[in-house]
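Morning, everyone. I'll walk you through one model today, piece by piece.

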Amino acid sequence: MAEYWIGDADGRVLGPVSLDVVQDLVNTGRLTQITRASRDGQSWGPPNAYPEVMALLLNAPPPEALLQSERQEAARVRDQLRTMQGRPPHEIFRLDRNASVDAYRNAFFKLVKRFYPDRVRAQAHPDLRKAYADAFQFLSRLMVHIERELDAGVPVSPLPTIRAVPPPPPLEDEPLTPVPTPTPLLKTRPMSVVPRRPTPLPRPGPGVPPPHHGRYSYQPHEFVGFERLDDRVEVTIRVTARNSGMFTEHPLANLKSGGFFLACGKSLPLGTLVDVVFRFDSERREVRSRGRVIVENTGGDPHKPHGFGVRFITLVEQDRSFMQQFVERAALAQP
Amino acid sequence: MPDGSILIVDDDAFVRTLLRDMLANQGYVLVEAENGRAALDRQGPPPNLVLLDLLMPQMSGMEALGQIRDRWPSARVLVITSMDSERLLEEAMQAGASGYITKPFHPVEIASAVERALAA
């Protein structure tokens, strides 16, 4: 079997793999940038030095064809979701009726991964993105339901279905008040982040939990918005010198690793897409970014702060530098 | 308590840290390398398990996989990749991987896959 090495713009190498693998990756939009290629992993050339590789790139499906195929895939996923809804969980996961929680978990991970939002390429058709998000959410909620029932020692029942396509799970505790009232504009907002007027800062009310007195020093009322949209959550955070620890205190989700950790009464599931607006009021500046939840603590580990950590997908270098400088200034200003 | 040494090979320091964090409390000896070359340059006893990314600079995971199998025949190798291609994973298995984990992964999934690979 002919072997190829393929290099990307970041200097990473895949290979040796067959041309079939390269074709598969190119045709599914997973490999879009080939900057160099090789037949032995030693001597490299531009893709056009390898006509068979170049042919794959030139014959890659045009964007319209990919979008069309993604729409068809979205329809298949929606059909599959409809089939799953209301069926006994053990049938969905192809398990014995009396399967253990571990068996359910293993089967869940295998199945849910197929619908993981990151599997969809960045420019995918919105229908496919939505279908995957719906299936992912349904299965995630089903697994929580299964674990609760097995914990309670009762037979696993189907997840109660309210609508054909389940809505996002309700926000449990809402210390991050106020939740902006959805407006028609917000409902029809496109996928990209759209600037909006700054939301007035809320005052902590009686419903606001006490401040976090652990390593994480910021308080819930410092958040100024938390809004769940169709496929993501939008978070607006007022950043001050005192709460800048959100960029430094968590070992995994911090500015150096390209993220932040929000210690708060809410936890978002792993993988949730988050559009975040950081408001640096003292600097009269806003920084916008998109990221995914990569760390969550729903309270199961009392030694770690409740909340969620996000890794940035998009963060402009200029903004990152500004935030880094802000954090450094804040550290110097600490008593 | 599980017993075993695990070599984590991924060019993304964040992924290495994430894996280390997920496995840290389970009694494994964890070692990291940032690419296939660095993994193979490592001295010391062979690892029981290698968690190997496929797309890396200098020496790719597939290339490292063959050499790891030659150098440490007893080591199991779990391929970790975000390139969710059945053909690619088939070729990785043919090249000697014991199994694969596709990114993104969940802590429970990693723990379970590692446990199974070490027990096999």
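**A helix, a sheet and an interface**

Start with helix α6 of chain A, residues 126–151. This helix has 26 residues and reaches 37 Å from its first C-alpha to its last, close to the 38 Å expected at 1.5 Å a residue. That expected span is 1.5 Å times one less than the number of residues. Just after α6(A), G153(A) takes a positive phi of about 75°.

Some housekeeping. This is a predicted model: local features need pLDDT of at least 70, side-chain atom pairs count only at pLDDT 80 or more, and totals for chains, interfaces and linings use all residues. Residues are numbered from 1 along each chain as its sequence is written, while chains are lettered from A and ligands numbered from 1 in the order in which they are written. Helices (H or I, at least four residues) and strands (E, at least two) are DSSP runs, numbered from the N terminus.

Staying in chain A, look at strand β6, residues 233–238. Here 6 of the 6 residues are buried, so the strand is largely enclosed by the rest of the structure. Buried means that 20 or more other C-beta atoms, placed from the backbone, lie within 10 Å of the residue's own. In a regular strand, side chains alternate between the two faces of the sheet. In β6(A), V233(A), V235(A) and I237(A) point one way. E234(A), T236(A) and R238(A) point the other way, and all are buried. What joins β6(A) to strand β8 of chain A, residues 273–280? The answer is 6 bridges, and the two strands run parallel. Two strands count as paired if DSSP finds at least two bridges between them. V235(A) stands opposite V276(A) in β8(A).

Now chain B. Its secondary structure comes to 5 helices and 6 strands. From the N terminus, the order is β-α-β-α-β-β-α-β-α-β-α. Of the 120 residues in chain B, 39% are buried.

In chain B, 5 strands form an open sheet in the order β2-β1-β3-β5-β6, with parallel pairing. Which strands sit at the edges? They are β2 (29–33) and β6 (99–102) of chain B, each pairing on one side only. Strand β1 of chain B, residues 5–9, pairs with β2(B) in the parallel sense over 5 bridges. There, L7(B) stands opposite V31(B).

Next, the interface. 24 residues of chain B are in contact with 27 residues of chain A. Contact means that C-beta atoms, placed from the backbone, lie within 7 Å. On the chain B side, α1 (13–23), β4 (56–57), α3 (61–71), α4 (86–94) and α5 (107–119) each supply at least two residues. α1(B) gives the most, with 4 residues. A strand pairing crosses between the chains too: β2 of chain A, residues 12–17, pairs with β4(B) in the antiparallel sense over 2 bridges. V13(A) stands opposite M56(B) there.

Last, the cores. A nonpolar core is a set of buried Ala, Val, Leu, Ile, Met, Phe, Trp, Tyr and Cys residues joined through C-beta atoms within 7 Å. The largest has 49 residues. Those with the most contacts inside it are V22(A), V9(B), L51(B), L52(B) and L78(B). Not counting residues up to four places away in sequence, V22(A) touches Y4(A), I6(A), V17(A), L31(A), V53(A) and L56(A). Apart from that core lies another, of 28 residues, among them F261(A), L268(A), F308(A) and V310(A).

Conventions. Contact = placed C-beta atoms within 7 Å. Buried ≥ 20, exposed ≤ 12 C-beta atoms within 10 Å, placed from the backbone.
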